[in-house]
2 protein chains.
Amino acid sequence: MSIAFLDDADDPRVADYRDIRERDLTGRRGLFIAEGEVVLNMLLSPASLCRPRSVLMAKHRIEQRRDLLARVPDGVPIYAASQPVLDRIAGFDLHRGMLAVGEKPPGPDLDALLAAMPERAVVLAVSGVGNHDNMGGLFRNAAAFGAAAVLRDDRCCDPFYRKAIRVSVGAVLRTPTVAAPSLEALIQALEQAGFDILALTPRAETPLKAVKGLGRQAVLVGSEGPGLPAGTLARLRTVGMPMAGGFDSLNVATAAALALHQICGGPEA
Amino acid sequence: MSIAFLDDADDPRVADYRDIRERDLTGRRGLFIAEGEVVLNMLLSPASLCRPRSVLMAKHRIEQRRDLLARVPDGVPIYAASQPVLDRIAGFDLHRGMLAVGEKPPGPDLDALLAAMPERAVVLAVSGVGNHDNMGGLFRNAAAFGAAAVLRDDRCCDPFYRKAIRVSVGAVLRTPTVAAPSLEALIQALEQAGFDILALTPRAETPLKAVKGLGRQAVLVGSEGPGLPAGTLARLRTVGMPMAGGFDSLNVATAAALALHQICGGPEA
């Protein structure tokens with residue numbers, strides 16, 4: 001393991017890390033920022049679908065992170081700096097003390113991805129979720145229940161934003177994901193691959209508890225607030241949970257977790 | 001409805017709103033800050049257990065919020081200011097444009113609260129959750145499934161912090177809640193009142209799907225990471241969800257939602 005020590009926040013070797021809070025929301029040429037020990041652990045694990053390009057960390061944390069650093073592949077540079085220099089590079093107070101730049105995996109082909117799945121498979125399909133916390137939570141829950149992929153439509157935010165990755169506790173880096181050109185295209189691809197689509201909505205015809213895990217299934221969720229378009233709901237099987245009188249519906253990631261729990265594993269599934 | 005217009009960020013009538021971001025984490029003499037339309041709607045609804053003490057909002061939002069303001073009780077002052085003055089009062093950029101100071105409800109007596117519940121009742125019991133997002137999510141999910149109360153031990157954060165209330169979409173203001181002096185005292189009170197305690201843990205003996213909704217039941221959750229103490233788990237019925245191989249456990253509020261969904265309402269409960 002070879003570590004390069006930096007004294008200068010303007011060092012061009014760490015240009016990708018500069019002002020990440022501001023720049024996180026802009027395109028990054030197929031790159032992403034991974035932050036914190038949990039996420040870096042995932043990035044450097046065999047389960048990761050992403051390659052690290054470099055690592056940047058606080059000098060004073062090298063000793064306690066030696067095991068993790070030992071897993072950085074040969075040829076991937078590790079940079080270390082004092083906490084103040086690190087904070088200046090990142091543009092904010094970087095309590096977590098570890099960052100990496102990673103390369104997004106090549107987006108799989110949607111039809112090929114679905115066709116290659118086993119006859120028993122569950123995927124999570126997401127439409128119009130623009131909030132990074134919710135997107136991260138959706139990936140976390142998909143991974144927790146072993147969903148085979150997270151499929152997005154064109155109105156979803158990028159799950160590779162720093163905060164979404166962090167909230168997902170790294171699940172974004174190990175879960176196959178692809179953005180379909182539209183919700184219609186996503187539904188069509190799922191139907192063509194023989195997936196039974198369960199569209200989650202508070203105004204559902206089928207109670208979630210009546211649904212069994214069987215064959216190829218897709219849990220489809222829309223954004224909080226507007227939810228899935230009425231036209232989409234009208235032609236799909238709608239599934240939901242009875243809510244206590246008049247209370248706001250659940251967070252979208254929580255709703256997805258309930259559906260995934262219902263159909264993935266467990267004695268009654 | 002009478003509205004007082006303020007030009008001066010230092011006006012003593014809005015001292016309770018000053019620098020709320022910094023002061024939010026300190027005690028407030030039984031008061032709390034409510035933020036945003038959703039939360040104020042709850043504070044001013046008949047379901048609320050809390051009394052508003054005053055309202056502060058952006059001048060330019062008065063027209064569009066007239067219905068909500070009409071529900072402010074007589075004698076509760078409404079203050080309005082320009083956005084820049086409002087931002088100076090609050091100490092940060094107040095996009096949501098509406099604040100209120102409310103009075104925390106008197107904490108009910110734990111034993112009396114439990115004794116008064118019907119023979120079929122579900123409560124959520126929480127130990128050691130110090131994160132305001134998680135606390136807010138727990139209240140939101142408790143309300144969504146109609147849990148009768150959220151009971152905390154002494155190692156939980158205050159749910160009346162601004163951010164927890166916001167994440168709860170106002171559920172903190174309508175859900176009976178009480179802090180027990182310890183987890184042991186909480187468990188004892190529940191057992192004395194005839195509650196069957198389901199202790200959630202990833203290493204559980206009973207799969208959640210095997211649990212039925214029946215009688216008086218308490219879902220007990222611990223903090224993310226350490227979870228519930230081993231000694232507590234050893235003497236309670238433990239319940240959990242099968243997780244996909246090796247992945248991090250669920251967020252605590254999500255885990256609670258799964259358990260509440262399992263035992264509250266629905267055709268199979």
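Predicted model: local features only at pLDDT ≥ 70, side-chain atom pairs only at ≥ 80, totals over all residues.
Local features were taken at pLDDT of at least 70 and side-chain atom pairs only at pLDDT 80 or more, while totals for chains, interfaces and linings use all residues; side-chain values use heavy atoms, without hydrogens and water. Residues are numbered from 1 along each chain as its sequence is written, and chains are lettered from A, and ligands numbered from 1, in the order in which they are written.

Helices (DSSP runs of H or I, at least four residues) and strands (runs of E, at least two) are numbered from the N terminus. In chain A, the axes of helix α6 (residues 132-144) and helix α10 (residues 252-263) come within 8 Å and cross at roughly 15°. Axes are lines fitted to C-alpha atoms, for helices over the stretch in contact, and angles run from 0 to 180 degrees between N-to-C directions. The angle makes α6(A) roughly parallel to α10(A); angles under 35 degrees count as roughly parallel, over 145 as roughly antiparallel, 65 to 115 as roughly perpendicular and the rest as oblique. The crossing of α6(A) and α10(A) is right-handed, a term used if the near helix is turned clockwise from the far one by less than a right angle, left-handed being anticlockwise. Contact (heavy atoms within 4.5 Å) involves N134(A), G137(A), L138(A), N141(A) and A142(A) of α6(A), and V252(A), A253(A), T254(A), A256(A), A257(A) and L260(A) of α10(A). These residues comprise seven nonpolar, four polar and no charged. Ala, Val, Leu, Ile, Met, Phe, Trp, Tyr, Cys and Pro count as nonpolar, Asp, Glu, Lys and Arg as charged, and the others, Gly among them, as polar.

In chain B, helix α6 (residues 132-144) and helix α10 (residues 252-263) pack at about 15° with axes 8 Å apart, which makes α6(B) roughly parallel to α10(B). α6(B) passes α10(B) in a right-handed crossing.

Between the chains, the axes of α10(A) and α10(B) come within 9 Å and cross at roughly 55°, so α10(A) is oblique to α10(B). The crossing of these two helices is right-handed. T254(A), A257(A), L258(A) and H261(A) meet T254(B), A257(B), L258(B) and H261(B).

Two aromatic pairs occur over all chains. Rings of Phe, Tyr and Trp (its six-membered ring) pair if their centres lie within 6.5 Å; planes under 30 degrees apart count as stacked, over 60 as edge-to-face and the rest as tilted. The rings of F32(A) and F160(A) have centres 5.3 Å apart and planes at 45°, so this pair is tilted. Because F32(A) lies in strand β2 (residues 31-35) and F160(A) in the loop between β7 (150-152) and α7 (162-167) of chain A, the pair ties together parts 128 residues apart in sequence.

R18(B) lies in the loop between β1 (3-6) and α1 (20-23) of chain B. The C-alpha atoms of R18(B) and I89(B) are separated by 5.0 Å, although the residues are 71 apart along the chain.
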